[in-house]
Each structure stands twice: as C-alpha cells, then as structure tokens.
Amino acid sequence: MEHEKEIVLPPYLKEGDKVALVSPAYWIPQEAIQKAAETVKSWGLQPVIGPHTNSLNVNVYAGTADERAADILWALKDDSIKAIICTRGGYGSIHLLNRIHTEDYQKHPKWLIGHGDITTLINAVTSAGVMSIHGPMAFQLANGQELDSQITRDVLFGTIPQYKIAGNDHNRCGHAEGVLVGGNLSSFTSIVGTKFLLPPDRDCILFIEEVEESLHDIDRLFYMLQLQSGFERVKGVIFGSFNSIKFDLQFGSVEQMLVAHLRDLDIPICCGFPVGSNSCLPLIMGAPCKLDVSVEEVTLTFNNEGDKRTYYIDRPSQQLMKIAE
C-alpha cells in the first residue's frame, strides 16, 4: 500500500500578519464584522474584510454562491493573508464546495476557522490534506467570548491546547488515536459519501455537535453516518453540546440515545464535551490526536508541533482553567 500522505499543518502566524474575515454562508451586519476586526487587531494581527461580505442574496446569504466562493478564493490566493475567519454559519457553505478546487487548499495552506454550517468547508479542507480550526466565528468574537477567542489566538500563534474534562455517566472508557473529523451533525452528514471526506484507510476520531434539531432527526442523521462504508475507521467518538433540542422521543438525553447506537463497538466515547453553538473552544480538525477516557476524566491531546498548554474543564461550574504550560 502506498504510504499515507500526512495532513499539512498550516504555518503559524506572527505579529502583524493579515487575517481575512469572509462570509461563506449567511449575511451578518457590517457592524458585527467591524467589532470582530477589532478583536483580531487586539491579537496583534491585521484584519482584512472580504469584498462581498456586505452583499445580500435572497435576503439571507452574504452574496451569491459565486461571490461567496470568490471571497474564499481571494483569501486563499493572497499570500499576504495567513488565516481565514468565517463570519457566521447558518446555511450555504455547501454551495461553495464545487466552486473551490482541492488544489486551491493544497497550494495555499492556511488556517480556516468556523463551525456549524462551516463544517462542510472544514471537512473539504481536511480532505484536501490541510488542517483547520473548529472554533469561534466573527459574530462570536464581536460578542466578547473572551476565553474561546484567547485560545484560538494562541493556536494561531502556535500554542496547542490539551483539554481535560471531568467524567460523564454516559462515557465509555478506552484509548483511541486518529485524525479528528466531524463538526455539526447535519452539516457533516450532508457530505458523507462524497469526495469531501478523508481518503480511505485513515483512522478517525469523530466529533459531533448539534443545535435546534429534534431527537428523531438526530437519530436519523447518526444512523446515516453509521451506515456509510468506512465507519469502521472511527476509533473514538466525542459528543459535544446539543443545544435547543426538541425531545420528541422518550430518551433522558441526546447522549443516552447516541451511545446506544454504538453499543456494539468497542471504542471510547466522550459525552458532554463543551464545544458547540454556545461554547467554541478551538479544535484542530484534521490533526492527529489521542482520546483517553477514564471514569474520572477525559483527555483530548493534539499531536501537533508547537508549545503545549493544558486546560481543565470543571463540569459542575463549567469553568475552564489553564493548569499547565
């Protein structure tokens, strides 16, 4: 078998580098983008705003699909721009997938940051062999989510987080290693079985979160994932936050239902990882990582080069504390 090609770690940033703010999906007001730009400035970086971010198409998208794709390509191909922060999700990123070629990501590897609907782009970047960041978007940076913002800034400058969280009654103990993939469940499932996923034979750790869906929709989407060929490459699962869920099935929690899906697999499962629509602690997607689940705690470790910093999430108070340099 041909040797597996490593996924590229984009260059870390330095003071004064340019960071693009682009809108691949829904439109947000320019005032919010300007506030996010101020946050980027406070990081010691130079924000530049995509040319079409103030366009409005069918009263919801930030421009036509061609315009939104053009902003991503502008940010990728401008070598002075070192990272790309998406302004918000919603819906629409899937329109861009066939408008941006794999080679565009490969020739210009740089950090793409977002979550939710941006999951489709993040996994397209991963399938091209480049890492990205599941993290806060411009509208959250504008609203002052300081901890998420600070850790994201640290990752961009080369400080890699290790997360430790307290145990959960739904967890399943074990150790797993693989490339981190996934994101928003409905957005991720929409590209399963397409060319925008990892190549075959690469072990994965699957991360999933969701917001504003019903239990029966989550049940159906997760079944769709499991039925795909290649699901046996999933060596560990991390369930993030499930917010504003409609409980139309008689389960005590989303986690209770989803863990039951995996009862025949001998893999570690982490429940309640505090990443989703409300908390956007950065996860390095496409990165080789280790998941260790014990009764007492869960540890997620990224095997990236760079300085390391460990954070512990105290579940009762939901506070995140730096515990080691």
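Two strands pair if DSSP finds at least two bridges between them. Strands here are DSSP runs (E, at least two residues) and helices are DSSP runs as well (H or I, at least four), numbered from the N terminus. With that in hand, let's walk through this predicted model, in which local features need pLDDT of at least 70, side-chain atom pairs count only at pLDDT 80 or more, and totals for chains, interfaces and linings use all residues. Residues are numbered from 1 along each chain as its sequence is written, and side-chain values use heavy atoms, with hydrogens and water left out.

**The sheet and its helices**

Lys18 stands opposite Ile81 in strand 3. Strand 1 pairs with strand 3 (residues 81-86) in the parallel sense, over five bridges. Helix 1 (residues 30-42) lies across strand 1, strand 2 and strand 3, and runs at about 155 degrees to strand 2. Such angles run from 0 to 180 degrees between N-to-C directions, with axes fitted as lines to C-alpha atoms, for helices over the stretch in contact; contact means heavy atoms within 4.5 Å. Helix 4 (residues 119-127) packs on the sheet too, touching strand 4, strand 5 (132-134) and strand 11, and its direction makes about 150 degrees with that of strand 5.

The order of the six strands in this open sheet is 2-1-3-4-5-11, with mixed pairing. Strand 2 (46-49) and strand 11 (283-285) are the edges, each pairing on one side only. From one strand to the next, the twist averages 25 degrees.

**Aromatic rings**

There are eight aromatic pairs in the structure. Rings of Phe, Tyr and Trp (its six-membered ring) pair if their centres lie within 6.5 Å; planes under 30 degrees apart count as stacked, over 60 as edge-to-face and the rest as tilted. Tyr12 and Trp111 are stacked, because their ring centres are 6.2 Å apart and their planes at 15 degrees. Tyr12 lies in the segment before strand 1 (18-22) and Trp111 in strand 4 (residues 111-114), so this pair ties together parts 99 residues apart in sequence.

Phe222, Phe231, Phe239 and Phe242 form one aromatic cluster.

**Charges over rings**

A charge sits over a ring if NZ of Lys or CZ of Arg is within 6 Å of the ring centre and within 35 degrees of the ring normal. Two such cases are listed here.

| Charged end | Ring | Distance from ring centre |
|---|---|---|
| Arg68 | Tyr61 | 4.7 Å |
| Arg153 | Phe157 | 3.8 Å |
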